[in-house]
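Thank you for making time for this. I would like to walk through one structure with you, so please keep the sequence and the model in view while I talk.

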Amino acid sequence: QGHVVESGGGLVQPGGSLRLSCEATGFTSIVYVLSWYRQAPGKERELVASILKTEGRTSYADAVRGRFTISRDNSKNMAYLQMNDLKLEDTATYYCKVMYGSAKDAWGQGTQVIVSS
């Protein structure tokens, strides 16, 4: 199993932007989907966006479509989440999930995003 590390979280005002990064290294099996999830205090973890590593096809939760953009750089084993027009309700810990091998998952430790005025 490889290693997943998120970075880029922080404190931002409503309407601001942040870019999260996810580094996925050391996977000996094929990685085929990179996803961002988030979990707000007292709520369940939810899927935010996903991208197919090879084809680049993306999908988004309705709550973020049009504001967030997921991308990947296969040469660097990186995935990104560009978050624009952030809202108070985007406050959460954001996690990167890597799907690899025979439907296995690997998670990072999360990075906190706080949207506050």
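This is a predicted model: local features need pLDDT of at least 70, side-chain atom pairs count only at pLDDT 80 or more; totals for chains, interfaces and linings use all residues.

Let me begin with Ser21, which lies in strand S3, where strands and helices are DSSP runs numbered from the N terminus, with at least two residues (E) for a strand and at least four (H or I) for a helix. Ser21 counts as buried because its relative accessibility is 13%, and the cut-offs here are under 20% relative accessible area for buried, over 50% for exposed and partly exposed in between, with a 1.4 Å probe and protein chains only. Residues are numbered from 1 along each chain as its sequence is written, and side-chain values use heavy atoms, with hydrogens and water left out.

What does Ser21 touch, leaving aside its neighbours within four places in sequence? With contact meaning heavy atoms within 4.5 Å, Ser21 meets Val5, Glu6, Ser7, Trp36, Met78, Ala79 and Tyr80.

Val5, Glu6 and Ser7 bring us to strand S1, residues 3-7, which has a covered face with Val4 and Glu6 and an uncovered one with His3, Val5 and Ser7. In a regular strand the side chains alternate between the two faces of the sheet. S1 pairs with S3 in the antiparallel sense over five bridges, where pairing requires that DSSP finds at least two bridges between the strands, and Val5 has Glu23 in S3 as its bridge partner.

The structure holds one, formed by Cys22 and Cys96 with their sulfur atoms 2.0 Å apart. Since Cys22 lies in strand S3 and Cys96 in strand S9, the pair ties together parts that are 74 residues apart in sequence. Both cysteines, Cys22 and Cys96, are buried, and the disulfide is left-handed because the torsion about its S-S bond is about -70 degrees.

Now to the nonpolar core, by which I mean a set of buried Ala, Val, Leu, Ile, Met, Phe, Trp, Tyr and Cys residues joined through side-chain atoms within 4.5 Å. The largest one has 30 residues, and those with the most contacts inside it are Trp36, Leu81, Met83 and Tyr94. Several strands each supply at least two residues of this core, including S3, S4 and S9, and S9 gives the most, with five residues. Beyond its neighbours within four places in sequence, Met83 is in contact with residues that include Leu18, Leu20, Phe68, Tyr94 and Val113.

Finally, how many salt bridges are there? Counting a side-chain nitrogen of Lys or Arg within 4 Å of a carboxyl oxygen of Asp or Glu, the total comes to seven. One of them joins the side chains of Asp90 and Arg38 at 2.8 Å, N to O, and this pair links distant parts of the chain, with Asp90 in the loop between S8 and S9 and Arg38 in strand S4, 52 residues apart. Asp90 is buried, with a relative accessible area of 0%, and Arg38 also counts as buried, at 6%. Another salt bridge joins Asp62 and Arg65, whose closest N and O atoms are 2.5 Å apart; here Asp62 is exposed, at 65% relative accessible area, whereas Arg65 is partly exposed, at 46%.

Terms used: A disulfide is a pair of cysteine sulfur atoms within 2.5 Å.
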